[in-house]
Amino acid sequence: MTQIEISSKSEKPAEKPAEQWGNGLEFLFSCISLSVGLGNIWRFPYIAFQNGGGTFVIPYLIALLVIGRPVYYLEISLGQFTGRGVVKAFDMAPLLKGVAVGQVLATAASITYYSSIMALTLRFLLASFGSELPWSRCWESWGTDCHDGNAQNSSGKMSPAQLYFEREILHEVPNIDTGLGLPNWQLVACLAVAWLVIGGVLIRGIKSSGKAAYFLGVFPYVVLLILLLRAVTLPGAIDGIIYFFKPQWRELLNPLVWYAAVTQVFFSLAICFGTLITYASYNNFNRNVYNDIVIITTMDSCSSIIAGCITFGILGNLARETGNSDIGSVVKGGAGLAFISYPEAIAKFEYVPQALAAPWAWDPASCASSGINSDYAPRPFGNWPAAWLF
């Protein structure tokens with residue numbers, strides 16, 4: 001009897017298994033390096049400074065527990081359940097696809113912001129390799145605007161770190177009556193290097209960014225703890241730290257303070273940017289992420305508090321040196337506050353401050369690159385970082 005074998009040509013080849021993290025620690029450290037970064041080291045101190053120090057800490061912690069941690073858990077669960085990137089994860093609710101696209105666009109916009117901060121920190125990194133830290137003394141070109149901590153009458157003057165940042169790094173001018181001028185070639189070169197660092201970390205997707213996360217998640221804490229030990233031992237530092245923790249109770253009724261606190265939580269934890277959904281999509285479907293989320297959000301808040309203690313400790317020291325009793329007016333607030341307080345702390349080291357200046361300058365840069373690493377989104381877009389698509 002002749003046997004006839006019928007083969008079906010419609011059978012689909014076995015699908016390639018989905019790419020996953022090498023182990024659970026890679027996911028944990030990647031989320032830590034994403035959430036614990038510029039939002040804590042750079043943004044939290046100046047937002048707290050603008051909103052009354054201790055007055056801001058209370059609503060920040062409340063918003064972290066009531067809003068930040070639940071939303072963080074929601075995004076991690078969504079990404080792990082669907083196994084897809086931020087855009088395709090919302091296929092379950094087509095009406096919300098616009099939200100997903102908006103998150104991608106918001107992330108793309110923040111990339112340019114992060115990379116610019118990286119350029120500034122790399123500029124400090126290059127300056128720290130000299131035989132003397134350029135922000136440790138007053139320059140003749142700054143005239144009488146500078147105080148070195150030894151002058152009898154320092155009222156109304158600025159520290160060398162502040163003048164160096166404003167005049168030598170940013171090249172600020174009083175007005176733009178003569179035009180915007182040409183781009184500074186040093187900052188342009190640092191910006192190009194920043195993008196090369198980002199590309200190097202992302203070149204192989206999670207295989208490279210997962211391994212880099214071990215360094216990016218631990219290194220910032222080493223530098224922060226060293227700076228904290230130095231900051232709290234400076235004369236007058238305790239006054240600044242008290243200002244940081246002592247709330248002005250009536251300001252808690254100010255809705256703008258609460259608005260700033262909620263905004264800081266979203267910025268610090270990197271929630272609602274779609275990046276956590278993409279990260280979690282590489283997880284094992286059955287992974288219990290609750291403990292990871294508790295660890296990450298706790299470390300995020302602790303990092304912010306440490307950064308605040310460093311910054312306000314330095315402000316307390318500057319207030320004593322300048323004879324200014326109002327810590328809130330000792331320096332100009334704003335986005336450049338961290339670039340004044342951290343270098344000021346490093347310049348106070350008596351022995352080889354360059355040994356710490358270089359790691360500090362690289363610390364925010366590594367945090368920024370870890371934040372941008374989250375923009376790798378192969379699920380919805382193919383094997384390319386979203387950062388390269390915009």
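Is the crossing of helix 1 and helix 12 right-handed or left-handed? In this predicted model, local features need pLDDT of at least 70 and side-chain atom pairs count only at pLDDT 80 or more, while totals for chains, interfaces and linings use all residues. Residues are numbered from 1 along each chain as its sequence is written, and side-chain values use heavy atoms, with hydrogens and water left out.

Helix 1 (residues 24-35) packs against helix 12 (residues 290-322) at an angle of about 30°, and their axes lie 10 Å apart. Helix 1 is therefore roughly parallel to helix 12 (angles under 35 degrees count as roughly parallel). The crossing of the pair is right-handed, a term used if the near helix is turned clockwise from the far one by less than a right angle. On the helix 1 side, Phe-27, Leu-28, Cys-31, Ile-32 and Ser-35 meet Asp-292, Ile-295, Ile-296, Met-299 and Asp-300 of helix 12, where contact means heavy atoms within 4.5 Å.

A second pair is formed by helix 2 (residues 38-50) and helix 10 (residues 255-269), with an angle of about 170° and axes 10 Å apart. These two helices are therefore roughly antiparallel (over 145 degrees). Helix 2 contributes Gly-39, Asn-40, Trp-42, Arg-43, Phe-44 and Ile-47 to the contact, and helix 10 contributes Ala-260, Thr-263, Gln-264, Phe-267 and Ser-268.

Finally, helix 9 (residues 237-245) has Ala-237, Gly-240, Ile-241 and Phe-244 as its buried residues (under 20% relative accessible area, with a 1.4 Å probe and protein chains only). Viewed down the axis of helix 9, these buried residues fall within an arc of 100°, so they line one face of the helix.

Methods
Axes fitted to C-alpha atoms, helices over the stretch in contact; angles between N-to-C directions. Helix = DSSP H or I, 4+ residues; strand = E, 2+ residues; numbered from the N terminus. Parallel < 35°, antiparallel > 145°, perpendicular 65-115°, else oblique. Buried < 20%, exposed > 50% of the residue type's maximum accessible area, 1.4 Å probe, protein only. Arc of directions from axis to C-beta.
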